[in-house]
Amino acid sequence: FFLYLSWGGFTIQQMQKNASFVNLISIGPERGEGLPEDRRGACSWLGTHPNALLAAIDGKASNYSSVMARTDPTGWHEMFRAPVPGWRIRNFHWQDNADRQPILWIDNGKGGLLYQEWPSQAFNPLRDSSVKYQHESSLTMADIDMGNPRLSKFFKEVTLISENLTEDIEVALDYQADGDIGSTTWVRAGTFYVSPEDTIPLNIGEVNKLRLRLRMLTDSATKPPIVRAVIVEGFARTPLKYQWNLRIKVSDTQRSSKGTRDHDSDELTAWLKNAARKAKRIRMRAIWEEMDDVFVIVEPPTILRDFTNSFRSFWGGTQVITLREA
């Protein structure tokens, strides 16, 4: 139904063809953010598993090679990574076994073979009690910026929902913030020892984004730490915008501080309403420094009429005006 092929030295293409059209799309692990620079390479071999499409990524002489698995339409998972750069993976073979664990044989590029045992009782290794685990693994999470990398933030704590944690089965938490993200600098935050829930305080302020790394360790080959969820609690500081509420005395007989006739009440009201309706930018001047030379948006005024002279057609009272910093 699909044809898969390596293309361009960096991607995997999926071709679909029927009587009416031919569709060719990129599905390789280079999509989106792609692989880290030291793990990129060409797809050198493709194979199948009942639950995944398998691909060997040849890092050549300078990068790490790996075997990747695609278990859904968008996600790739690293199943094996060469221990050192230059071990070129250009071939693998899936060996099914009826009476023992299936094996993925991997050519290490140095004239030798490596193998990896896979579950025999379920697709999920956690549902197969015979599966053995490495003593250590790590998971580097995506950046946490609460949807806006420009806002300053305070990160209070991290809560881990897990299984199997004890004194000898643990999850260590490290983090990077702002300029350290993507570097080799990690700050040790603490270690989770308790399941099903444990919390480590961070109390990190004045940062824009955070990256977390979990390092999972076990002293038992058959009992790994299981991470179900990572919950980060924090606060994003929305941009500070000040607001001023003014009470202005208005009257057709009102005089300014210089003794001249002040603004006409009706004209002032109409101008304020029009400025509010159009979100007009207004430059505010004031004798107080914190209010002077600030651009504001005016809200529709509230008019409190104290008197009206019907014979001479003038009125007076108070206008309450709200100014918001633009």
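**View 1. Strands S2 and S3 form a hairpin, with four residues between them.** The model is predicted: local features need pLDDT of at least 70, side-chain atom pairs count only at pLDDT 80 or more, and totals for chains, interfaces and linings use all residues. Residues are numbered from 1 along each chain as its sequence is written, and side-chain values use heavy atoms, with hydrogens and water left out. Helices (H or I, at least four residues) and strands (E, at least two) are DSSP runs, numbered from the N terminus. S2 (residues 11-17) and S3 (residues 22-26) run antiparallel. Five bridges join them. Find Gln14: its bridge partner in S3 is Ile25.

**View 2. Strands S1 and S2 make a hairpin too.** Three residues lie between these strands. In this hairpin, Gly8 takes a positive phi near 70°. S1 (residues 2-7) runs antiparallel to S2, and six bridges join the two. Leu5 stands opposite Gln13 in S2. Tyr4 has Gln14 of S2 as its bridge partner.

**View 3. Three strands build an open sheet in the order S1-S2-S3.** The pairing is antiparallel; two strands pair if DSSP finds at least two bridges between them. S1 and S3 are the edge strands, as each pairs on one side only. Neighbouring strands are turned by 25° against each other on average, direction ignored. Here the axes are lines fitted to C-alpha atoms, for helices over the stretch in contact, and angles run from 0 to 180 degrees between N-to-C directions. S2 is mostly covered, with five of its seven residues buried. Buried means under 20% relative accessible area, exposed over 50%, and partly exposed in between (1.4 Å probe, protein chains only).

**View 4. Helix H1 covers residues 265-277.** H1 has 13 residues and reaches 18 Å from its first C-alpha to its last. That is close to the 18 Å expected at 1.5 Å a residue; the expected span is 1.5 Å times one less than the number of residues. At the N-terminal end, Asp264 caps H1: one of its side-chain oxygens lies 3.0 Å from the backbone nitrogen of Asp266. Just after H1, Ala279 takes a positive phi of about 50°.

**View 5. Which residues of H1 are buried?** They are Ser265, Thr269, Leu272, Ala275 and Ala276. These residues cover an arc of only 130° around the axis, so they sit on the same side of H1. The arc is that of the directions from the helix axis to the C-beta atoms. An α-helix has 3.6 residues a turn, so residues three or four places apart point the same way. On the other side of H1, Glu267 and Arg277 are exposed. What covers the buried residues includes strands S18 (243-251), S19 (282-284), S20 (294-298), S21 (302-309) and S22 (314-325).

**View 6. Thr159 lies in strand S12 (residues 152-163).** Thr159 is buried, with a relative accessible area of 7%. Leaving aside neighbours within four places in sequence, its contacts (heavy atoms within 4.5 Å) are Glu197, Asp198, Thr199, Ala229, Val230 and Ile231. A polar contact of 2.9 Å joins the side chains of Thr159 and Thr199. A polar contact is a pair of N or O atoms within 3.5 Å; within protein, one must be able to donate a hydrogen and the other to accept it, and residues adjacent in sequence count only if both atoms are side-chain atoms. How far apart are Thr159 and Glu37? They are 122 residues apart in sequence and 31 Å apart in space, C-alpha to C-alpha.
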